[in-house]
Amino acid sequence: MRENQEIEKIKVNELNPHEAVIEENLLKVLNSLKTDKRLKKPLIVDRDTKIILDGHHRAEAFKVLGLRKIPCLLVDYSSVRIEVRPHRNGNVSKEEVIEKGLSDKVFHPKTSKHEMDLDCEKFVDQSIADLKR
């Protein structure tokens, strides 16, 4: 059974990143948003803390474009159906993700990778023009 999940438009400045972004990847996302003029996937965000679990580059691109709200799939990060693993080497825990997300000191890019046994393949396919409102 899937847990209750909802897509909600959240103010970008209310979101809490836990990782820095890679400039080259940010430029690719910006180019895609400018070319396609559509957002196809929502960010995945913890419902309680507003920590970004997936979508740091999309969130930063929205900031650069001056867009105030972004569709987010809200999840319960305390769920056993969500696990965090190191993206490359080392160790990372949910507690560390929360600590970084609630502080001004974020992880280096691609430190963590979240694996979710949730219905996270929800698509929003929303035009950027609609999100400017």
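**Salt bridges in the predicted model**

Biologist: Which side chain does K28 meet in a salt bridge?

Modeller: In this predicted model, the side chain of K28 meets that of E24 in a salt bridge, with an N to O distance of 3.8 Å.

Biologist: Where do K28 and E24 sit, and what separates them?

Modeller: Both belong to helix α1, which covers residues 23–36, and because they are four residues apart there, about one helical turn separates K28 from E24.

Biologist: Are K28 and E24 buried or exposed?

Modeller: Both K28 and E24 are exposed.

Biologist: How many salt bridges does the structure hold?

Modeller: There are seven salt bridges in the structure, and one of them joins E6 to R47, where the closest N and O atoms lie 4.0 Å apart.

Biologist: Which parts does the pair of E6 and R47 tie together?

Modeller: E6 lies in strand β1 (residues 6–11), whereas R47 lies in the loop between β3 (43–46) and β4 (52–54), so the pair ties together parts that are 41 residues apart in sequence. As for accessibility, E6 counts as partly exposed because its relative value is 32%, and R47 is also partly exposed, with a relative accessible area of 25%.

Biologist: What about K40, which residue does its side chain meet?

Modeller: The side chain of K40 meets D36 in a salt bridge, at 3.8 Å from N to O. K40 is partly exposed at 44% relative accessibility, and D36 is partly exposed too, with a relative accessible area of 36%.

Biologist: And which residues are linked in a network?

Modeller: A network of salt bridges links E83, R85 and E115.

Definitions and conventions
Residues are numbered from 1 along each chain as its sequence is written. This is a predicted model: local features need pLDDT of at least 70, side-chain atom pairs count only at pLDDT 80 or more; totals for chains, interfaces and linings use all residues. Side-chain values use heavy atoms; hydrogens and water are left out. Helices (H or I, at least four residues) and strands (E, at least two) are DSSP runs, numbered from the N terminus. Buried means under 20% relative accessible area, exposed over 50%, partly exposed in between (1.4 Å probe, protein chains only).
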